[in-house]
Amino acid sequence: MYNQFGFTKLLVWDLEATAAFYKAVSGMEELARVDDEIAGRKIQEILFKPSHEGAATFVLLKFVDAPRPSKDEVILGFITDDVDAFARRAVAAGGTEVQAARDMPAHGVRVAFVTDVEGHLIEVVQMLQPAG
């Protein structure tokens, strides 16, 4: 049996503003746009290129007929080599710093929490260098 996690679709209200945020903060590149239907409901999607071969695809999805989606149903996780710079870019792009970066030596990481322009929570992780 073959199974692989392939993508995450984040439900958003303002597709263009949210796409601009993720492009500015994470450097994601747009792969494709889709206008289609799911179970008779019109959708618009923006798919981003995976960060490397075999990586999952990140997708922003807007149900055209839906009210503003909840912002508390998922926490997105980004791994970076500079968590502080990522957090600064998030704030500069219209997001909010929820928890400043802090080292968590027991887990071997430095972690910050920010939100995107719609308030979706993002956990940003940087691997700490082992003490040597």
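**A charged residue and its surroundings**

Glu37 is partly exposed, with a relative accessibility of 45%, because that class lies between buried, under 20% relative accessible area, and exposed, over 50%, as computed with a 1.4 Å probe on protein chains only. The model is a predicted one, in which local features need pLDDT of at least 70 and side-chain atom pairs count only at pLDDT 80 or more, while totals for chains, interfaces and linings use all residues. Residues are numbered from 1 along each chain as its sequence is written, and side-chain values use heavy atoms, with hydrogens and water left out.

The side chain of Glu37 meets that of Lys42 in a salt bridge, with 3.8 Å from N to O; the term stands for a side-chain nitrogen of Lys or Arg within 4 Å of a carboxyl oxygen of Asp or Glu. Side chains of opposite charge can pair when their charged atoms come close.

Strands here are DSSP runs of E with at least two residues, and helices are runs of H or I with at least four, both numbered from the N terminus; two strands pair if DSSP finds at least two bridges between them. S2 runs antiparallel to strand S3 (residues 41-48), to which eight bridges join it, and Asp36 has Ile43 in S3 as its bridge partner.

How many salt bridges does the structure hold? There are nine salt bridges, and one of them links Glu16 with Arg33, the closest N and O atoms being 2.6 Å apart. Glu16 lies in helix H1 (residues 15-26) and Arg33 in strand S2, so this pair ties together parts that are 17 residues apart in sequence. Glu16 is partly exposed at 44% relative accessibility, and Arg33 is partly exposed with a relative accessible area of 44%.

Arg33 also forms a salt bridge with Glu30, whose closest N and O atoms are 2.7 Å apart, and Glu30 counts as partly exposed at 27%. Through salt bridges that share partners, Glu16, Lys23, Glu30 and Arg33 are joined into one network.
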